Protein chains: 2
Amino acid sequence: MSADSATPADQPRAEARRAQILDAASDCFHAHGFHGSSISQISKAAGMSAGHIYHYFENKEAIIAAIVEQDIERLQEMTDDMRAAENPLEAMMESIDAAVAEHMQPDHAPLKLEIVAEAGRNPHIAAAVHAADAKIMGAFEETIGLIRRAGGHQDDSREIRGRTEIISALFEGLIARSIRNPDIDKETTLRIFRQIVRDLLQR
Amino acid sequence: MSADSATPADQPRAEARRAQILDAASDCFHAHGFHGSSISQISKAAGMSAGHIYHYFENKEAIIAAIVEQDIERLQEMTDDMRAAENPLEAMMESIDAAVAEHMQPDHAPLKLEIVAEAGRNPHIAAAVHAADAKIMGAFEETIGLIRRAGGHQDDSREIRGRTEIISALFEGLIARSIRNPDIDKETTLRIFRQIVRDLLQR
DNA sequence: TGTTCTAGATTGAACGCTCATTCTATGTTA
DNA sequence: TAACATAGAATGAGCGTTCAATCTAGAACA
C-alpha cells in the first residue's frame with residue numbers, strides 16, 4: 001500500500017461517504033471507546049465494507065484524527081457566536097453550562113478522555129489533538145480577552161491564556177469527575193464551578 | 001478455570017510475587033498504556049512467566065483494579081499527614097503542588113486518564129475506581145472540612161463536598177491540559193490554580 | 001543423614017479468538 | 001469501454017488465557 005490513500009474522483013460523493021464513516025465511527029467510539037470499536041463494527045454501522053473504509057482513510061488513527069478535527073469548526077463557530085452576542089460573558093456562561101451538561105453524561109464523557117489519553121500515547125493522534133487544541137484555545141482566548149476588556153481589565157496575553165487554561169481544565173476535570181464519581185452532587189459542584197468561571201471572566 | 005484464582009499457600013512469598021507483578025505492570029502501563037501493554041510484556045518486566053501471572057490475578061483487569069487500590073492507602077496517608085501538620089492548609093497546598101507537578105509529566109499523565117476512561121467502559125474497573133474514589137474523596141473532605149473549620153467557616157457537608165470536587169476536577173483537568181497542550185504556560189496557569197484552591201480553602 | 005513423597009510454584013507452548021489491513025474479483029457509472 | 005467504487009475473503013499479527021509438564025521446597029520416613 002502506498003503512503004497515500006487512493007484519491008477519490010467524485011468529490012461530493014466521496015465527501016458524503018467519508019462523512020458516513022465519520023458518523024458511524026463517532027457513534028461506535030462513543031458507545032464502545034476507541035479500542036473497543038473495531039473497523040468491522042464501524043463498517044457495519046456505516047453500511048460499507050470494512051475494506052472500503054481504507055479507500056477513504058489511511059488507517060484507524062486517521063479516523064480519530066478526522067473526528068478531532070471536526071471539533072475545531074464547531075467550537076470556533078461557538079466562540080464566534082459568543083463574541084457576536086449582545087452580552088458575550090453571559091453567552092459564554094450559557095455555552096459552558098450546556099457543554100458541561102452534555103459531557104458529564106455517561107455516553108459522552110469517556111471518549112473525551114480517551115482521545116486525550118491516546119494523544120499521550122500515539123504521536124499521530126497527538127499531532128491532531130495539539131493542532132486542534134491550539135485553534136480552539138485561540139478562539140477561546142480571543143473571546144475571553146474581549147470579555148475582559150469589555151469589563152475594563154488590562155490583562156497581558158499570558159494572563160488571558162492562563163485563565164483560559166484553567167477554565168478548560170475545570171471543564172475537562174468535571175468530565176473526569178463524572179466518571180470517577182457517578183453520584184456527584186452536580187447542583188453544588190456546578191454552582192461553585194460557575195462562580196469560579198464567572199470570577200475568572202469578571203474579576 | 002474456577003471463578004477464583006488459586007490460593008497461594010505461602011503468604012509472604014505470594015504477596016511479594018504479587019507486588020512484583022504490580023510493580024512491573026505499573027511500569028508497563030505508565031510507559032505504554034493499559035491497552036498498549038500486553039501480559040507478555042508485563043511478565044517479562046516482572047521476571048515471571050505469562051501463564052503464572054494468572055496464579056495471582058484473575059485477569060488483566062484485576063491487575064488494573066489492584067493498581068487503583070494501591071492509591072487508596074497512599075492518598076489516605078497523605079491526608080493523614082496534612083491533618084497532623086501544624087498548618088494543614090499550607091500542608092495541603094504543598095501536597096497538591098507536588099502532585100500536580102508529578103502528574104503533569106508526560107510519563108504520568110496519560111495513565112491517570114486512561115484509568116478513568118476505562119472506568120467509563122468497563123464495569124469491573126468502574127467498581128474499583130468508584131470504591132477507591134469514595135475513600136480518597138472522603139479523606140480529602142475530612143481534611144478540607146478541618147481546614148475550613150479552623151478558618152472559622154461553618155459549611156454544610158454539601159459545600160465541603162462541592163469544594164472537594166472542584167479542587168479534584170482542577171487537578172484532573174490540569175493533567176488533561178498537559179497532554180492537550182504540551183506547551184502550556186505552567187507558571188501562569190499554576191499561579192491562578194493555586195489562587196483558586198487557596199480561595200476554596202480559605203474563603 | 002539421605003531418600004522419597006507431596007503440594008505448591010512455575011514455565012511456556014498451545015489455543016482460540018480478534019484485529020487492522022490488503023488485495024482480487026466484481027459492480028457501477030459516465 | 002475505462003475508470004472508479006465496492007465487497008468481502010484472506011492475511012499475518014498479536015492478544016489474553018489455559019493447561020500439561022516440570023521444577024522446587026519442605027515434610028515425613030527409614
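**View 1. Chain A is built from helices.** Chain A has 9 helices and 0 strands, where helices (H or I, at least four residues) and strands (E, at least two) are DSSP runs, numbered from the N terminus. Read from the N terminus on, its elements go α-α-α-α-α-α-α-α-α. The C-alpha trace of chain A spans about 55 × 40 × 30 Å along its principal axes. This is a predicted model: local features need pLDDT of at least 70, side-chain atom pairs count only at pLDDT 80 or more, and totals for chains, interfaces and linings use all residues. Residues are numbered from 1 along each chain as its sequence is written, chains are lettered from A and ligands numbered from 1 in the order in which they are written, and side-chain values use heavy atoms, with hydrogens and water left out.

**View 2. Inside chain A.** Of the 203 residues in chain A, 51% are buried; that means under 20% relative accessible area, with exposed being over 50% and partly exposed in between (1.4 Å probe, protein chains only). Now look at contacts (heavy atoms within 4.5 Å). Among those in chain A between residues at least 6 apart in sequence, 71% join residues at least 24 apart.

**View 3. Where chain A meets chain B.** Here 49 residues of chain A are in contact with 49 residues of chain B. Between them, the two chains bury about 4,100 Å², 58% of it on carbon and sulfur atoms. Buried area is the accessible area (1.4 Å probe) that two parts lose on being put together, summed over both. On the chain A side, Arg121(A), Arg177(A) and Arg180(A) lose the most area to chain B, together 19% of what that side buries.

**View 4. Two helices cross between the chains.** Helix α8 (residues 157–180) of chain A and helix α6 (residues 109–119) of chain B have axes that come within 9 Å and cross at roughly 50 degrees. The axes are lines fitted to C-alpha atoms over the stretch in contact, and angles run from 0 to 180 degrees between N-to-C directions. From α8(A), the contact is made by Ala176(A), Ile179(A) and Arg180(A); from α6(B), by Lys112(B), Val116(B) and Ala119(B).

**View 5. A close look at Arg180(B).** Find Arg180(B) in helix α8 (residues 157–180) of chain B. Arg180(B) is buried, with a relative accessible area of 13%. Leaving aside neighbours within four places in sequence, Arg180(B) is in contact with Lys112(A), Val116(A), Val129(A), His130(A), Asp133(A) and Glu172(A).
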